[in-house]
Amino acid sequence: MPDTIYRNALFFDGTGCEPVVTDVAVSDGRISAIGIGLEADESTRQVACGGLWLMPGLLDIHTHLDLELELAPELPEVVRHGTTAVVIGNCSIGVTYGNQRRDGEDPIVDCFARVENMPKSVLGKVADACTWTDSQQYLDHLGGLALGPNVIPLIPHSMLRVEVMGLQASINRRPTRRERASMERLLDAGMAQGYAGFSTDALPFHFLANSPHKKSRIPTQYAGFRELARLTGVVRRYGRVWQATPPKDNIFEAFRSFLLTSGRLFGRPLRTTVLAILDLHTNRAAVKLCLMLSAILNSRLLDGMFRFQVLSGTFRIWSDGAINPLADEIPELRALNECEPEDRAARARILNDPEWIASFRHMWLNGKKGLSLARLRRVLRQEETVLTRRLADMMVSECPLDNWCDHTLDAPYQRLLCWQESGGQLGAATSAEARFFETFPNPICDDAAFIVHLLRQWDTDLRWETTIANRNPAVLEKLLFHPLTLPGFNDSGAHLANIGFYDGNLRFLKIAQKQGLQKVAQAVHRLTGLPAEFFNLNTGVVKVGAQADLCLIDPTALRQWNPERTYEFVYRSQLGCRQVINRPKGVVREVMIAGRTAWRDEEYVPDFGQTQFGRVLKPQDHPDEQMRDAAARATAEQNPDMNPPDNAARARVRATYQNVVMLLPQ
């Protein structure tokens, strides 16, 4: 008899087919039967699913959870959101080769601290735990952790370069022929061991964090095209995935690099997925350029296999003073970011430097007034930078004046102008605000001087947020369903204090829900079966014999959830720091990983975090996975008649659902 039966669930199998009302049985960690009225006995746990959605566990295809795995391998924030598989080792950085501490170098801290905005105290604890020295030992290590979700590791290019060349050499010179050959051998070994692919990075604001390297970018960015072509050739030969980020300010360099996906030019298409396509608030042409590039690379002429990743929600970031994930894009803010987060004195010296002030003012005010090309580009939303420079876009989250919180910085700026023009008679909302206004230059002149003064006075005590991309729901929906994109990018585990995208997959389901079950089925497929197929993984589709990774969703709670109002900034004891999270209440009713329930009714099961639930997922063609495939086929052959209802049953479900939706409040 089955261990668990989900009864009368509205079942999405992950293939994109419309759902059916059916039972799904789980035995010994696998799906053992799908059908109506499945038999059970007193030992079977039966879950009543009337009105609930049952689907494959969701995939997060771009994370930096490599680090959290060493401190909290159950990855609780991931699992509670219905995600049962995560891709790690992205953006060319990871812990594949251990801590790589040699000759006084500390690559994990150096590479992650600024790129992913993580406290060095957290990174140091992680590096201390990374005692292995090669990629096979890392897989063995992962296999011994009390994993929550399944993990899908990539070989990270920066760490590969460090392993062969050392950190100092990897950012200061080209590799020798012997060193390039050594990188190819190590990458080949990783592919043979079962890594899902290879990651690189070319974003121009990814810098190292330790002296004397603070003005240098991470090692992958010093690789030439020949090195990249040779290494991706290894990945191509195995049919694995190249995950990349583009040189965003150089469309021609991006096109040349991504031509590596072409099967026409290189004999076989290279599976290539790129972070990311965003509807930027400062540059509305970015989306069109990305889609055009993708169409060209995937055309019959080039025969590529290229997909941009899509974030499923608004791109909201928090800044502590000038510190945020994108500040290194702008040289003036980069100078502040080069200081240690706790070194207020160093930032104060910069903020009082006349040369820096002049440079900052030029940057901040560029294109805001007068007639110029910069002004035209700003009006047309064709700016080069990602960060907005509008006070009306900057919402205060925390600061020493309570009445500023939950309002944009434009509001106190306007009150300050009024206060100064009236000689201190009007404008100030409180006596405390009036006293603070007395500290400003009078007259303040412009918003550049306002921002500089705030940073001098409050530094990181000023915490503000802004949405830099995906503000237009119609554009976002188009991107999520576009055939040349892959949703599921959440950047989970990165930028602990600055972004919280764990809920991205659920946001996509919510967007689809408004248009009916067919769209929900497509969204489920794009979050499960589609990325699993792209990464060549044995997951993402619920069928007899498959590993039982399942997610149970309450569609009523999903409809009522407002994802813009459930952000929290909480202290995570396992990490030893505060983190931005977003926890929708009641949406994910249950999560099962490898046949074991991990999350149920807003609680983790007692042994979650103590014993292993997930495992390392390797590509389907790897011998380890082929053995599991054989077991899956055997299970399916034992239950040949246990299949989902036919298309007529799907049509009945569709009609019933549409009638119910018409009665629900919108």
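A pocket is here an open set of grid points with protein on both sides within 12 Å along at least five of seven lines, and its lining residues are those with an atom within 4 Å of a point. The model is a predicted one.

**Pockets**

By that definition, the second largest pocket is lined by 27 residues, and Asn117, Met118, Pro119, Ile323 and Pro341 lie nearest its centre. Its volume is about 700 Å³. At least two lining residues each come from helix H3 (107-115), helix H14 (344-351) and strand E21 (577-582). Sorted by class, the lining of the second largest pocket holds 11 nonpolar, four polar and 12 charged residues.

The largest pocket has a volume of about 880 Å³, and its lining is made up of 40 residues, with Leu203, Pro246, Lys248, Ala276 and Leu280 nearest the centre. Two or more residues of this lining are given by each of helix H10 (251-258), strand E13 (271-277), helix H12 (285-297) and strand E18 (485-492). Of the elements, H12 gives the most, with five residues. The classes in the lining of the largest pocket are 26 nonpolar, seven polar and seven charged residues.

**Cavities**

How many cavities of 30 Å³ or more does a search of the whole structure find? The search finds four. The largest cavity has a volume of about 180 Å³, and among its 17 lining residues Leu333, Trp364, Met394, Ile451 and Trp464 are the closest to its centre. Helix H15 (354-365) and helix H19 (447-458) each supply at least two residues of this lining, and H15 gives the most, with three residues.

The second largest cavity, with about 60 Å³ of space, is lined by His64, Leu67, Glu68, Leu71, Met118, Val122, Gly493, Leu496 and Leu575.

| Space | Volume | Lining by class |
|---|---|---|
| Largest pocket | about 880 Å³ | 26 nonpolar, seven polar, seven charged residues |
| Second largest pocket | about 700 Å³ | 11 nonpolar, four polar, 12 charged residues |
| Largest cavity | about 180 Å³ | 13 nonpolar, three polar, one charged residues |
| Second largest cavity | about 60 Å³ | six nonpolar, two polar, one charged residues |

**Two loop residues**

Gln382 lies in the loop between helix H16 (373-379) and strand E16 (395-398). Although Gln382 and Thr282 are 100 residues apart in sequence, their C-alpha atoms are 6.3 Å apart in space. With residues up to four places away in sequence not counted, Gln382 touches Thr282, Asn283, Arg284, Ala285 and Arg377.

Arg583 is found in the loop between E21 and strand E22 (588-593), where E21 is one of the elements that supply at least two lining residues to the second largest pocket. The side chain of Arg583 makes a polar contact of 2.4 Å with the side chain of Glu77. Leaving aside neighbours within four places in sequence, the residues in contact with Arg583 are Glu77, Arg80, His81, Thr566 and Glu568.

Terms used: Residues numbered from 1 in each chain as written. Predicted model: local features only at pLDDT ≥ 70, side-chain atom pairs only at ≥ 80, totals over all residues. Heavy atoms only, no water. 1 Å grid on protein atoms, 1.4 Å probe; cavity = no way out; pocket = protein on both sides within 12 Å on 5 of 7 lines; lining within 4 Å. Points joined across faces, edges and corners; volume = space filled by probe spheres on them. Helix = DSSP H or I, 4+ residues; strand = E, 2+ residues; numbered from the N terminus. Nonpolar A, V, L, I, M, F, W, Y, C, P; charged D, E, K, R; others polar. Contact = heavy atoms within 4.5 Å. Polar contact = N/O pair within 3.5 Å; in protein donor to acceptor, adjacent residues only side chain to side chain.
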